[in-house]
Amino acid sequence: MIARCSCMLMETHGIPCRYIIYVLRSTKLNELPSHYVLKRWTKYCKKKIVYDANGNLLEEKRTNSMDMEVNRMASETRKDKEHLFNDLNSLDIMHIVKSKFQKFVNEIKEELLANQQSRVEEIEGFIGCSILWEINILPPNELHSKGRVKRIKGHSDKGGSDKKEETKKKKNERVPRLCGSCKELVLHDKHNCPKKDTLA
């Protein structure tokens, strides 16, 4: 879906204007098409190294020197290919170039595959067994995951049950207290004191 506006905001600033957004919303589009989101507004705008037509580095960025050399060679190869296509004007010659280029690509793929297989054979010879490319992990036969797992008692827990019983007994034992009415150390208080009626 392509829309153009006379205000030329998209062409000048790279931002779709409200008229374009209104037209897109009227066609019931829920998302902005990808060609309206320029690379400069994305978080990947500085991820790649920029080269000019001659393969010279335009934007400096910390990276591996090997990566820079590979990108430079790719830029030079792309430039040579574009010059070749510009010089060719005949359809027959383009068919010949396309078939030879496809043959070249297939040879490169076969060579890379052979190198990869030799690398795998070297690793297998080093570890002494073949590399498994597919591993099937099955669930265990018996799985008891229901209920609460009891804690295993250690050496510091020995005699712990006896101490707990002693503390329970101490809590259950009644301590004599001073009664408010008879003023004696007894096991009752002033509300249920037996001498309350006689003292009153």
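**Note on the predicted model**

1. The count comes to 1 salt bridge, where a salt bridge is a side-chain nitrogen of Lys or Arg within 4 Å of a carboxyl oxygen of Asp or Glu. The partners are the side chains of glutamate 184 and lysine 195, with 3.3 Å from N to O. Glutamate 184 lies in the loop between strand E1 (177-178) and strand E2 (185-186), and lysine 195 in the loop between E2 and helix H6 (196-199), so the pair ties together parts that are 11 residues apart in sequence. Helices (H or I, at least four residues) and strands (E, at least two) are DSSP runs, numbered from the N terminus. Side chains of opposite charge can pair when their charged atoms come close.

2. This is a predicted model, in which local features need pLDDT of at least 70 and side-chain atom pairs count only at pLDDT 80 or more, while totals for chains, interfaces and linings use all residues. Residues are numbered from 1 along each chain as its sequence is written, and side-chain values use heavy atoms, with hydrogens and water left out.

3. How accessible are the two partners? Glutamate 184 is partly exposed, at a relative accessible area of 34%, and lysine 195 is partly exposed at 39%. For these classes, buried means under 20% relative accessible area, exposed over 50%, and partly exposed in between (1.4 Å probe, protein chains only).

4. Lysine 195 also makes a polar contact with glutamate 184, side chain to side chain, at 3.3 Å. A polar contact is a pair of N or O atoms within 3.5 Å; within protein, one must be able to donate a hydrogen and the other to accept it, and residues adjacent in sequence count only if both atoms are side-chain atoms. Leaving aside neighbours within four places in sequence, lysine 195 is in contact (heavy atoms within 4.5 Å) with Cys182 and Glu184. Between the C-alpha atoms of lysine 195 and serine 181 the distance is 7.7 Å, with 14 residues of separation in sequence.

5. The structure holds 0 disulfides, a disulfide being a pair of cysteine sulfur atoms within 2.5 Å. Cysteine 179 is in no disulfide, and the nearest cysteine sulfur, that of cysteine 182, is 3.6 Å away. Cysteine 182 is likewise in no disulfide, with the sulfur of cysteine 179 as its nearest at 3.6 Å. Cysteine 179 is buried, with a relative accessible area of 1%, and cysteine 182 counts as buried at 13%.

6. Lysine 183 is found in the loop between E1 and E2. Its phi is near 60°, a positive value in a residue other than glycine. Lysine 183 counts as exposed, at 60% relative accessibility.

7. Lysine 28 also has a positive phi, near 65°, in a residue other than glycine. The place of lysine 28 is in the loop between helix H2 (18-26) and helix H3 (65-87). With a relative accessible area of 74%, lysine 28 is exposed.

8. Which residues make up the largest nonpolar core? The 7 residues are Ala3, Cys5, Met10, Cys17, Ile20, Leu24 and Tyr36. A nonpolar core is a set of buried Ala, Val, Leu, Ile, Met, Phe, Trp, Tyr and Cys residues joined through side-chain atoms within 4.5 Å. In soluble globular proteins, nonpolar side chains tend to be buried together.

9. Serine 6 sits in the segment before helix H1 (9-13) and is exposed, with a relative accessible area of 75%. Serine 6 and tyrosine 19 are 13 residues apart in sequence, and their C-alpha atoms are 9.6 Å apart.

10. Valine 120 is in helix H4 (residues 91-127) and counts as buried at 18% relative accessibility. Residues up to four places away in sequence aside, valine 120 touches Ile131 and Trp133. The C-alpha atoms of valine 120 and isoleucine 131 are separated by 8.0 Å, the two being 11 residues apart along the chain.

11. For the whole chain, the secondary structure comes to 6 helices and 2 strands, in the order α-α-α-α-α-β-β-α along the sequence. Of its 200 residues, 10% count as buried. Among contacts with a separation of 6 or more, 19% are between residues 24 or more positions apart. The protein chain exposes about 19,200 Å², of which carbon and sulfur atoms supply 55%; accessible areas come from the Shrake-Rupley method with a 1.4 Å probe, and for residues only the protein chains shown count as cover.
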